[in-house]
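Please keep the sequence and the structure in view while reading.

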Amino acid sequence: MSLAPSVAVPRATFNPLPFYIGVFCLLWSFAFVAGKIGVTYCPPLILLTARFSLAGVLILGISAVRGERWQLTWRDAAIFAILGVANNALYLGLGYTGLKTVSAGLGGLIVSANPVFTAMLAALFLGETLTSRKVMGLLLGIIGVSFIVWHRMSVGTDDWHGILFTLASLMSIVMGTILFKLLAPKGSLWIGNGIQNLAGGIALLPFALTFASVGDIVPNARLLGAFAFLVLGGSILAYLLWFHLLKVCGATAASAYHFLMPPLGMLFAWIVLGEHVEVRDLIGIVPVALGIYLVTRPARSAVGASSHPGTALAHRK
């Protein structure tokens, strides 16, 4: 019989951050496919107005049923409303208009350039360090994205008007990302997301009434399925995860996960929509993946400070 004292072995703490990142990337990238299906059968502005309005009502309605207390100041509520205009009305309003003449794969690819501009603005306005390693990763991301865009335009599969709308959409979400970190609204992200969706729907409503017609809607099962995913998976769950990642990680690190969208978006577009993917598109993904690693890899000092990946990322705010 052993008389040696028993030593309690601490259990490994589960870190949910990688799981959140994975779910966010899957939801966000598939949203481009669902959006492409949606705008095929419904005018973009009507689709988005209905999507944001319903998502906002659901979020705030669930909060009321659960008896969740209102924890936002008027300042925080106003900030979430502003973010709703930038991250919802402008970003997706412009992006979905572009999707009328741009493939879902290319639309997701252009928006994946978010980390490039976010890192530059975060260094200027948020004081985030733009190290040589991050610069190299961002440059590799630009090279990969640009290579695929150039190839798609050279073969004439995507319209340049749609590309311009998608580029404007990109700049909107970059500004929304910087504003969220700069203004730092406090309180429940759940209720804040509800306010953001309602603000986006209200902002788009007059434009939908002016420039779109309900008679252009073609009701069918594909449109209904796409709309359901966009409301539940896109406007509610994906945005909730996105704001959580912005709080846990720095703006540059969180936005860098958008570089995962091109391969995932092209994969979903190929499986669901049958969009053509060539070897040149796949080659362009290689520098993009390497860029993700360089931009998101924690610095040595951060790793040494904590073995918890979430803490290491937080040091780079």
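## Cysteines

Cysteine 25 has a relative accessibility of 3% and therefore counts as buried, in what is a predicted model. Cysteine 42 is likewise buried, its relative accessible area being 6%.

A disulfide joins the sulfur atoms of two cysteines by a covalent bond.

## The salt bridge

Side chains that carry opposite charge can pair when their charged atoms come close. How many salt bridges does the structure hold? The count is one, and this salt bridge links the side chains of arginine 75 and aspartate 76, with a distance of 3.4 Å from N to O.

The two partners can also be described by their accessibility: aspartate 76, with a relative accessible area of 6%, is buried, whereas arginine 75 is partly exposed, with a relative accessible area of 46%.

## Serine 172 in helix α7

Helix α7, which spans residues 160–183, contains serine 172. Is serine 172 buried or exposed? With a relative accessibility of 11%, serine 172 counts as buried.

When residues up to four places away in sequence are left aside, serine 172 touches Ala86, Asn87, Leu90, Tyr91 and Leu94.

Note on methods:
Residues are numbered from 1 along each chain as its sequence is written. This is a predicted model: local features need pLDDT of at least 70, side-chain atom pairs count only at pLDDT 80 or more; totals for chains, interfaces and linings use all residues. Side-chain values use heavy atoms; hydrogens and water are left out. Helices (H or I, at least four residues) and strands (E, at least two) are DSSP runs, numbered from the N terminus. Buried means under 20% relative accessible area, exposed over 50%, partly exposed in between (1.4 Å probe, protein chains only). Contact means heavy atoms within 4.5 Å. A salt bridge is a side-chain nitrogen of Lys or Arg within 4 Å of a carboxyl oxygen of Asp or Glu.
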